[in-house]
Amino acid sequence: MTINRLSLLRWGVVLLPGALLYFFPVPGFDAGQRHLLAIFLATIVALVARPAPMCVSVLLAMTLAALTGAVPTARVLSGFANQTVWLIFAAFLFSRAIGVTGLGMRVAYLLIGRFGSSSLRLGYSVVASGALLAPFVPSDTARGGSVVYPAMRSLAQACGSEPGPTARRIGSFLMLAGFHGNYIASAVFLTSMAANPLIADFAWKGHVRITWLGWLAGSSVPAALSMALVPYLIYRWHPPEIRRPEAARALAVERLKEMGPMSARERGLVAILVAVMAGWVTSPWHGVPNAFVALTGISVQLIFGILTWEDLLSETRAWDALMWFAPLIMMADELNSSGVVKLVSQALFAHMTGWPWGAALAALALVYFYVHYLFASMTAQVTALYPAFFAAALAAGAPPMMAALPLAYLSSLNAGMTHYGTGSAPIFFGAGYVQPGAWWKIGFRVSLVNAAIWLGAGPLWWKAIGLW
């Protein structure tokens, strides 16, 4: 058997920081806290460096935590009993149903055919299609890669825009509008990005309850502003040469004709999606947790054949998320209950002692936002940093909901700055329509706009509706 030396080197890089922390004393930490933090640190480095698939890294960490006694064996598998894990699992299955029935592409082509009379309106149609699908597709990679990107690629080709000399005809604008709209949609709903329920779980540990409806109430106005401004600004900063893309609109109409009328499976799926969303919205009244509302929707789909058991087994992203999400939640719970998060946040943010809470929160939020240049995964950053930054905001005196919400929404909005910051970024960037320099420049400009909206107008809106 041949051993891959490069793989071993990568694992060495991953394990070195954790090993140093594991074996050498750290002031203020007892041995158990140090060992748990070491395993967690090695896991986060592995999620960023990717010496192996994320699921493999997390499974190894979970096993190591049990073997070393860093986590009692009775609690090592506790993450699989967490409702957040099953909500994400169910949401990925909704994404599968939207894909296999063709409903996702139908929604995209309907909007484009109806509103695609100009390049700018076409850009808004792209953003709207992603936002409509976002509550039931908890992955910007799945949403962008399976629906938004294929539609954009087809429309660009229909207008004679290919990577290279003709990219600026309309293809580069569509790719930028589709990408930036896609991750903004991730911030809108509790179920539109895999790490959002994890954030809600972290906030609940700090006695802040963020419901599905509460998350949407907080995001609604800032998201509307972002979705209104960002496509227009991209249109101004990176204008397409074609202003009236009749070919794209004609293609959307033609594709809808080819698809024909809505099938019984599509109509059934729409009814189930509406019922599930109603269940999420009314959860505070009927008391059924969101995860079980979602699982009810999946069960009904299986009963009526909208999804088959083979579809469920084939949705590898759902099983993958189940396997890596549960151990991460377990480790996060252990870090919190053992006092590690409190110690780390005190050590990192001690210099903010005495600051007004508004200034401290703004500084924390901006650092949290722009440190994403160092991350290739929104989930990795949330897992590594959200608890500590949230604890620091609480310690600075910020109202609990104000400590939770800015960091929560910025956990999605930070994905737009680079071509590696989230799973959908390499898909849109890899099409070849936008050069790296333009991608980074526009990404930074858009980040300033989003930061101004969500940290400026956001708190005013949250105050107006009584969230803090």
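Author: Asn 414 counts as buried, because its relative accessibility is 2% (buried means under 20% relative accessible area, exposed over 50%, partly exposed in between, with a 1.4 Å probe and protein chains only). This is a predicted model: local features need pLDDT of at least 70, side-chain atom pairs count only at pLDDT 80 or more, and totals for chains, interfaces and linings use all residues. Residues are numbered from 1 along each chain as its sequence is written, and side-chain values use heavy atoms, with hydrogens and water left out.

Reader: Where is Asn 414 found?

Author: Asn 414 sits in the loop between α21 (400-413) and α22 (425-430). Helices are DSSP runs of H or I, at least four residues, numbered from the N terminus.

Reader: Which residues is Asn 414 in contact with, leaving aside its neighbours within four places in sequence?

Author: Contact means heavy atoms within 4.5 Å. Tyr 368, Phe 369, His 372, Met 378 and Gln 381 are in contact with Asn 414.

Reader: How do I read two packed helices?

Author: Use the angle between their axes and the distance between the axes. Axes are lines fitted to C-alpha atoms, for helices over the stretch in contact; angles run from 0 to 180 degrees between N-to-C directions. Helix α19 (residues 357-370) and helix α20 (residues 378-395) have axes that come within 10 Å and cross at roughly 170 degrees. The contact includes Leu 361 and Tyr 368 of α19, and Gln 381 and Phe 389 of α20.

Reader: How do the residues of that contact divide?

Author: Ten are nonpolar, one is polar and none is charged. Ala, Val, Leu, Ile, Met, Phe, Trp, Tyr, Cys and Pro count as nonpolar; Asp, Glu, Lys and Arg as charged; the others, Gly among them, as polar.

How values were computed:
Helices (H or I, at least four residues) and strands (E, at least two) are DSSP runs, numbered from the N terminus.
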